[in-house]
Amino acid sequence: MNETLPLMERAAGRTADLVESLGEEQLTLPTPCAEFDVRGLIAHLEWGASLFESLASGGPMIPQGEYTGDFRARAERMLAVWRRPEAWEGVSAGMGLPMTTLAAMSLCDLVVHGWDLAVATGRPYEVDEEEAERLLAFVADMAPTGRRMGAFGEPVEVPADASDLERALGELGRDPSWKP
């Protein structure tokens, strides 16, 4: 089984804790992910968990739905599928990418959108160095393709002494110093 799974588990747990700590009054706040307010971003995270569950099970792409407030349950179902060794084998029928790449995409989604929610709501979001290093390596490999597909923004310059997380965020088009 891939070493990405423990990182996904930590990121999913941290992000679920954050989501569950938010109040109804925070759901309309803007986020660094410009197309989403907090509610929309949580809905996107819910969809992402269900999407990566489907893909890791050999299923199809699925459409994004409305906010339901069940991110933790979806993330737990997604992780349960990734805990099966066969989830890491081969290429996804739904996206045509290696399964290991899909797992890294899921990690990226969890960490970056968790960070988006945290800064939008004035909360801390601590990512350990191993997660940040893995995220930065994935982003460095995938950013050009992600930008061509419209999934990533244009790079944002970060200071020379920026952390790996800040460098990854900048490469994805996020300003690590974003304020609401």
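Let's start at Val-158, which sits in the loop joining α5 (129–148) to α6 (164–171); helices here are DSSP runs of H or I with at least four residues, strands are E runs of at least two, and both are numbered from the N terminus. This is a predicted model, where local features need pLDDT of at least 70 and side-chain atom pairs count only at pLDDT 80 or more, while totals for chains, interfaces and linings use all residues. Residues are numbered from 1 along each chain as its sequence is written, and side-chain values use heavy atoms, with hydrogens and water left out.

Val-158 counts as partly exposed because its relative accessibility is 21% (buried is under 20% relative accessible area, exposed is over 50%, and partly exposed is in between, with a 1.4 Å probe and protein chains only). Leaving aside residues up to four places away in sequence, Val-158 touches Glu-166, Arg-167, Gly-170 and Pro-176, with contact meaning heavy atoms within 4.5 Å. Ser-57 is another matter: it lies 101 residues from Val-158 along the chain, and their C-alpha atoms are 38 Å apart.

Now follow the chain into α6. Its buried residues are Asp-164, Leu-165, Ala-168, Leu-169 and Gly-170, and they pack against α4 and α5. Just past the end of α6, Gly-173 adopts a positive phi of about 100°.

Next, the empty space. Rolling a probe the size of a water molecule over the atoms shows where such space is left. The search runs on a 1 Å grid over the protein atoms alone: a cavity is a set of points where a 1.4 Å probe fits but cannot get out, a pocket is an open set with protein on both sides within 12 Å along at least five of seven lines, and lining residues have an atom within 4 Å of a point. Points are joined across faces, edges and corners, and a volume is the space filled by probe spheres set on them.

The largest pocket has a volume of about 810 Å³. Of the 30 residues lining this pocket, His-44, Met-105, Asp-109, Ala-151 and Phe-152 are the closest to its centre. α2 (38–56), α4 (99–121) and α5 are the elements that each give two or more residues to the lining. By class, that lining has 19 nonpolar, 8 polar and 3 charged residues; Ala, Val, Leu, Ile, Met, Phe, Trp, Tyr, Cys and Pro count as nonpolar, Asp, Glu, Lys and Arg as charged, and the others, Gly among them, as polar.

There is also 1 cavity of 30 Å³ or more, and the largest cavity holds about 40 Å³ of space. Among its lining residues are Leu-45, Phe-52, Phe-71, Met-78 and Asp-109. The elements giving two or more residues to this lining are α2, α3 and α4, and α2 gives the most, with 4 residues.

What about the cysteines? The whole structure has 0 disulfides, a disulfide being a pair of cysteine sulfur atoms within 2.5 Å. Cys-33 has its closest cysteine sulfur in Cys-108, 11 Å away, so the gap is too far for a bond. Cys-33 counts as buried because its relative accessibility is 5%, and Cys-108 counts as buried at 6%.

Finally, confidence: the mean pLDDT of the protein is 93, and 99% of its residues reach 70 or more, on the predictor's per-residue confidence scale from 0 to 100. Confidence is lowest in α5, at a mean of 90, and highest in helix α3 (residues 71–82), at 98.
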